[in-house]
Structure formats: C-alpha cells, structure tokens
Amino acid sequence: MTATPEPTPEASAHGAHDTGTDPALPQRQSVLLVTGMLGAGKTTVLRVLEDLGWEIIDNFPIRLLEGLLDVPGEAQSDLPTPLAIGFDSRTRGFDPERVIAQVKTLSERPDIALTTLFLDCQSAELERRYNETRRRHALAADAPVATGIQAERDLLTPLRRWAEVLIDTSEFTSNDLQRVIRERFAESATEGTTLTISSFGFARGMPPLADLVFDMRFLDNPHWDPDLRPQTGQDAAVGDFIRKDPAFSEAFSRIRDLLLLLLPRYKAQGKSYVHIAFGCTGGKHRSVFTAEQMASALRHSGFSPTLLHRNLGSRAADLLEGEPRRDDKH
C-alpha cells in the first residue's frame, strides 16, 4: 500500500458512479481510464470490471478518446453503461502530458463523469514478476528488465501524479486486486455489507486487506501425510483428516458464533466490506478446508460470502498483462 499523500487502494473513486441527480439533465456516463505500469494488473482490472457489467475497451488509442465519447449510446432515459478504457505505454501515440490535457477538457463535459485509475507496483516486484514469467518488458528492448521498468516509470510520472485513484499492487495477489476493484466499482456495493472469506498461507505473507484473521496452524497438518500432501482442503480425504482433530469442531463452532455476532454489528455500523481470512502454513489444506466450511455455514445463516483461495492459484505474477487468471476455478 502506498504511504504517499496520493490516493491509496482505500481511496474512493471520485466521480466513478456520479450519474447526476437532476432529472431534467441527461444521465452522466461513468468513464474510467485504466492505466499504469506494465505488469501492475491492468488486464485483471478490466476483466473484473467487465464481470461487473462495464463496457471494456483495451489498448485504445487515447488520442481518439473524445471522438469515442461523442458516439451516441443508449437513450437518455436509460442509465448509460459505465465505460472502462485501458491504455498504457505500449499504446500507439502514447503521451502522458497529452492524455492529461485531454482528461482536463473532457472532465468539463456535463454528460461524463471521468475518473483516472493508475496501477502502480514497486520496481523490484515488477522485475520479479517478469523474471518469473520470462516475459520481456516492452521498453527494455535488449536491455535488462530493470532498465525498461525505470524508463517506463520516468515516462508515466506526470500521469501518476494526475490520477484521482492510485492502487499499488506490490503486495497483491490477483485475488486481492479483484476484491479491491469489486469494492470500488460494483454498483451493488452500497446495498449492504460485502462479505469475503479467504484462505492463505503464512509462508507467503499476511493478506493485506483482511479485517479478521484466524490462524489454523494449531490443527494437525495433512502436509505430513504423504497421501494427503498433493491434495487440498477441497478434497474429501483432507477434510476427513482435519475433522478428526479433536480441536477442530469446538474451534470452528466458536469462530462461527463469533462471526454471527460480529457481522450484523458491522452492518449496523455501516461497514461496507468485511474480509475474513483463514491461514495455515502453506495455504492449501487447513485454511482452505476451514474457509470452505465457514462459507457454507454462513450461507446457511443467510449471508452471501465470496470465497477466495489465495495460494491454490499462482502468486502475483498472474497480474502481468496478458496472463490468464489461474484462480477462477478456485
């Protein structure tokens, strides 16, 4: 998370859903410009926005933006579909200063609510992602990856300063970034508390966005059973092993009862998002099984949690543009 005075992942997306309040005026269309460092997660962001019902255009020549927004859309009586436009340093004719000038002009239009989202990431983490995936940086040519990253950072500095919303993905997995985007840009976010239950491995670090963390390493570890080691907490044999631990049943019941006490109070206090994380050493067995069981228990109690398993998929390298999301099946 960034420690600068600029907006962080927790910053609100100014104007992202401002559609106007005067019924005599046409509804304002939400337009989100998504840009930032290559490898910081633009593709992931656009995929999530598409899942949320946004119209998506990627690698768009930004100099043509005004013409695009002049194309007639839905009838004025309908709420215009929000539009997300992705571009980066590879986009043809990319010029940060020119982009800023265009955005300033377009922000004055009464029919558009325009927001710029900049995705950043620490250079060392970007270099690690590129080395892990063996992909070449677009600005590096035959030079080391670090050279291309620094050249891109210098190029994008004016745009980074200008953006209303800044998300630093240095410590994020793909799941973390997806959750942040859903929380910031889902139209349903104001309808109640959004509940997320996740599993993770302490060996890969704590989840940066969790509100409540439960350490399940007190349970017997299936990892030490050669037959169970290659399996996960989603497999029946692992679940049977964990259930047999004398501590599991009582601990699970107490955690469930605590959550049933806290969740209504969080909602009453106006808390829009609650992330409950269960951890174990590797994030494959005990935490996965407990998270699955807790999500099921809370669904039976009337909640609708989103379930994420951080370490069953690949690490943050899947935020590189063009890489497939490997966590969808989890």
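Q: What makes S2 and strand S3 (residues 83–86) a pair in this predicted model?
A: S2 and S3 are joined over 3 bridges, in the parallel sense. Pairing requires at least two bridges, so the two strands count as paired. Within this pair, Ile 57 stands opposite Ile 85 in S3.

Q: What is the order of the strands in the open sheet?
A: The order is S2-S3-S1-S4-S5, which makes 5 strands with parallel pairing. Strand S2 (55–57) and strand S5 (165–168) each have a single partner strand, so they stand at the edges. One side of each is therefore left without a neighbour in the sheet. On average, neighbouring strands of this sheet are turned by 20 degrees against each other, direction ignored.

Q: Which strands does helix H5 (residues 145–162) lie across?
A: Helix H5 lies across strand S1 (29–36), strand S4 (112–120) and S5. Its direction is at about 140 degrees to S4.

Q: Why is the contact between Asp 88 and Lys 42 called a salt bridge?
A: The N to O distance between their side chains is 3.5 Å. The cut-off is within 4 Å, so the pair qualifies. Asp 88 sits in the loop between S3 and helix H3 (96–106), and Lys 42 in helix H1 (residues 42–51). The two are 46 residues apart, and the pair links distant parts of the chain. Both residues are buried.

Q: What makes Asp 120 count as buried?
A: Its relative accessibility is 4%.

Q: Why are Glu 250 and Arg 254 said to be separated by about one helical turn?
A: They are 4 residues apart in helix H8 (residues 248–268), which means about one helical turn.

Q: Why is Glu 250 called partly exposed, but Arg 254 exposed?
A: Glu 250 has a relative accessible area of 46%. That value lies between 20% and 50%, so Glu 250 is partly exposed. Arg 254 has 59%, which is over 50%, so Arg 254 is exposed.

Q: Which residues do salt bridges that share partners join into one network?
A: The network holds Lys 42, Asp 58, Asp 88 and Arg 90. The whole structure has 12 salt bridges.

Notes. Residues are numbered from 1 along each chain as its sequence is written. This is a predicted model: local features need pLDDT of at least 70, side-chain atom pairs count only at pLDDT 80 or more; totals for chains, interfaces and linings use all residues. Side-chain values use heavy atoms; hydrogens and water are left out. Axes are lines fitted to C-alpha atoms, for helices over the stretch in contact, and angles run from 0 to 180 degrees between N-to-C directions. Contact means heavy atoms within 4.5 Å. Buried means under 20% relative accessible area, exposed over 50%, partly exposed in between (1.4 Å probe, protein chains only).
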